[in-house]
Amino acid sequence: MGLIIFLLALAVLATVSITLLFYLCWYYDRRSFPQQAELPGEQPLRLVPAVLGMAKEAAALTVLVFSYPLRLIHDTSPARSRHHGEPPVILVHGYGGNSANFLFMQWRLKWRGWSNVYSVSYTPPHINARKLSQQVVDHVERILAATGAEKAHLICHSMGGPLTRYALKNLGLAGKVDRVITLGSPHYGSRVAGLFPPLGAAAQLRYQSPFIRELATETTCPGGARYFSIFSNMDNFVLPVSTAVLHGAEENIHVPYLGHCALLYSTRVMDQVERCLLAPVKDS
């Protein structure tokens, strides 16, 4: 028992340390590139909410780490249609994550009446982003076939956003997705990716990388889908934070004082996600 408590304490210490490390990077980036860190309509940061935001991020990362093994159960569940023909809501995780990252959001959406909600995993994160995008396509097509729906809604955390945009632009997913809602997605890359080994998707997600610039050509919102981007000024993995603002999106939504992982557990974010799912088509 003592060993288990020691290992748990060590894991919590590790997640808190990682959170602080990435907030040091966040602080350095804001000080070094203040114009790139600006968000539309952002108010000056206040100390107490900022400290609370950091604490929430550490807690969220801890939950993310401890829930990681639940993927072994989650991914074995077959895709079943609860309401045949109803557009499914498909949750696409970020770099190094898996389907268990969305357990809270999946539960919340089902509790609120969304029947066909599915969380998917793609692996491994170090391979080419184009191959990971194809896995997203395969998941979407499999779930559409199971539900009998014509289109799906995709909610994408972090790297899931660029992967989905690439799939809609280049891999035949166009016309099969109604709405794309991104949470803390580095649409124009992130300097944090430079801290990871320069392999596959990590290298491709670096700030203004060739892969990112390719996505920015022609239209940043391809495939005929409606795009919504939700982000925070305290996202410690998306640097500069302004890269989460998606040009051409129907709406960019700032939810302040939340870290990268905390976006997955915030009720404020959940409310915005559901609002985007229900948003009527705007008159042109």
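Trainee: Which residues make the nonpolar surface patch?
Mentor: The patch, of about 750 Å², is made by M1, I4, I5, L8, V12, V16, L20 and F66, where a patch takes residues with over 30% relative accessible area and no salt bridge, joining nonpolar side chains (Val, Leu, Ile, Met, Phe, Trp, Tyr) within 5 Å and like charges within 9 Å. This is a predicted model, in which local features need pLDDT of at least 70 and side-chain atom pairs count only at pLDDT 80 or more, while totals for chains, interfaces and linings use all residues. Residues are numbered from 1 along each chain as its sequence is written, and side-chain values use heavy atoms, with hydrogens and water left out.

Trainee: And which helix gives the most to that patch?
Mentor: Helix 1 (residues 2–32) does, with six residues; helices here are DSSP runs of H or I with at least four residues, and strands are runs of E with at least two, numbered from the N terminus.

Trainee: What about pockets, what volume does the largest one have?
Mentor: The largest pocket has a volume of about 610 Å³, and of the 29 residues that line it, Y95, G96, F196, F237 and H260 are the closest to its centre. Helix 1 gives the most to this lining too, with five residues. A pocket is an open set of points on a 1 Å grid where a 1.4 Å probe fits, with protein on both sides within 12 Å along at least five of seven lines, and lining residues have an atom within 4 Å of a point.

Trainee: Switching topic, why is helix 6 largely enclosed?
Mentor: Helix 6 (residues 160–170) is largely enclosed by the rest of the structure because nine of its 11 residues are buried, meaning under 20% relative accessible area, with exposed being over 50% and partly exposed in between (1.4 Å probe, protein chains only). What covers those buried residues includes helix 5 (129–147), strand 3 (152–157) and helix 8 (210–215).

Trainee: How far apart are the closest N and O atoms of E250 and R226?
Mentor: They are 2.7 Å apart, in a salt bridge, which is a side-chain nitrogen of Lys or Arg within 4 Å of a carboxyl oxygen of Asp or Glu. E250 lies in the loop between strand 5 and strand 6 (251–254) and R226 in strand 5, so the pair ties together parts that are 24 residues apart in sequence.

Trainee: Is R226 buried or exposed?
Mentor: R226 counts as buried, at 11% relative accessibility, whereas E250 is partly exposed at 25%.

How values were computed: Contact means heavy atoms within 4.5 Å. Accessible areas come from the Shrake-Rupley method with a 1.4 Å probe; for residues, only the protein chains shown count as cover. Grid points are joined across faces, edges and corners, and a volume is the space filled by probe spheres set on the points.
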